[in-house]
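Here is a quick tour of a two-chain model, going from overall build to a few local details. Have the structure open as you read.

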Amino acid sequence: MPLSTDLYKRAKPIWDAQLDHPFVRGLRDGTLEIERFKRWVLQDYRYLKEFARIFAWAVAKADRLEAMGWYAKVLDLTLNSEMALHRSYAERFGISAAALEAEPMWPTTRAYTDFLVRTSADGDMADLLAALLPCAWGYVYIGGELANGDPPADQRYADWIAQYASPEFAAAADWLKGELDRVAAGAGEEKLQRLQDLFVLSSRYEWEFWEMCWNGEEWRP
Amino acid sequence: MSFCSAQLARVRPLWDRMLAHRFLRDTRDGTISDERFAVWMRQDYLFVEAAIPFIAALLARAPERHWEPLAGIITALGKELKLFEERAQAVGVDLRGAPPAFANHAYIQFLMATAYRASYAEAYTVLYAAEKAYHDSWKAVQAGLARDSKWYPFVENWAGEAFTQYVTYLEGELDALAEQAGSEERSRMGTYFELTTKYEIAFWEMAATGEGWPGG
């Protein structure tokens, strides 16, 4: 069994718990309050900035030119296209670019992104990919599941689902899965356990991210 | 055969070339000039300084069982710096102000790039190969150097029993890491082993020639 399949099986209960989270269920049926979703728009913008750094580390750590180029392309797309798309999308909720930039990172966003960037810096390519995949692949998983039903009436939610259910996102997740399987080939028990721990931990952070956006969060004190 | 034994056997021609280097031979025979030895002292002092962040970078990503040993290496490197300072003062060598020579600079960058970019097992390979190289090199010097030589404290440092035990410990840990590595990673570990050996030879060559940077 490829490593990515094994990781998926182990994390599936957490991924399914994400599908069952009221935030995600609300997206599916369109009942999610806009105020809750705006939290996601604001925090995800901060998340994306840090997410880009992971790809910078991936370029630095990749073992072959094709992989370096792929990560470099994603880095470029994230910084020079997706951030702008995110800003346009935010405008549809009345959130200005200035508001996005001024948004403080909430504790969960901070903890999750610090974990990702630290793992990318400290770990090798397999570590980086195991920590990264629950976001890249998890959103495809959730987008795909949500796209199975009727689209929500709010076009903004429907567009969100369509984006993550798109073939482009699925192809990117597949490529990352293949890379993890390749670079981790032949890894020993200790290493496999570490990769599993990273994958499960990131999956848990994904759930926490929905939870944060559902409840709202702040730094105390 | 263990990973370390296999690598040492594989790079044996390189390893023998290192041990037979004229800098080591002349030091062993007591014929090396003070000026030539001072070149090595200044450069190796810089290298030991740079090894501290290398070990710290390794420690940052090490499994828990390596935390104390790696922290101990940092302390030992601090003591090595003191040894250099003490010897330099005793023989009137000024350690300050020398820029790293090209070979030294390249070796230091290699250490840090490995610590940041390669896998932990690969970076640990560099640590072991460098320490094993110094152990064996100074053992070769010990074979002939008079005990009352002013350079003997360096022999005691790297060819002494404590350092031998330390290198043996590193060997056991590296063999264990190699056991856990996949075939591709183990192959890269071998490449790092060989490259580190080459840098060690380049370091002795730099000390013997007093070369600075290519092109002046």
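## Chain B as a whole

Chain B has a radius of gyration of 17 Å, which agrees with the value near 17 Å for a compact globule of 216 residues. That radius is taken over C-alpha atoms, and the globule rule is 2.2 Å times the number of residues to the power 0.38. Along its principal axes, the C-alpha trace of chain B spans about 50 × 40 × 30 Å.

Chain B is built from 10 helices and zero strands. Helices (H or I, at least four residues) and strands (E, at least two) are DSSP runs, numbered from the N terminus. Among contacts in chain B between residues at least 6 apart in sequence, 80% join residues at least 24 apart; a contact here is two C-beta atoms, placed from the backbone, within 7 Å.

## How to read the model

This is a predicted model, where local features need pLDDT of at least 70 and side-chain atom pairs count only at pLDDT 80 or more, while totals for chains, interfaces and linings use all residues. Residues are numbered from 1 along each chain as its sequence is written, with chains lettered from A and ligands numbered from 1 in the order in which they are written.

## Helix 2 of chain A

Over in chain A, helix 2 (residues 22–29) has Phe23(A), Leu27(A) and Arg28(A) buried. They sit on the same side of the helix, because they cover an arc of only 140° around the axis, going by the directions from the helix axis to the C-beta atoms. An α-helix has 3.6 residues a turn, so residues three or four places apart point the same way.

What covers these buried residues includes helix 3, helix 7 (125–147), helix 8 (155–164) and helix 10 (189–215) of chain A. Just after helix 2 of chain A, Gly30(A) takes a positive phi of about 80°.

## Phe55(A) in helix 3

Now look at Phe55(A), which lies in helix 3 (residues 34–61) of chain A. Phe55(A) counts as buried because 22 other C-beta atoms are within 10 Å. Leaving out residues up to four places away in sequence, Phe55(A) touches Tyr71(A), Val74(A), Leu75(A) and Thr78(A).

## Where the chains meet

The contact takes 11 residues from chain A and 10 residues from chain B. On the chain A side, helix 3 and helix 10 are the elements that give two or more residues.

Conventions: A residue is buried if 20 or more other C-beta atoms lie within 10 Å of its own, exposed if 12 or fewer, and partly exposed in between; C-beta atoms are placed from the backbone.
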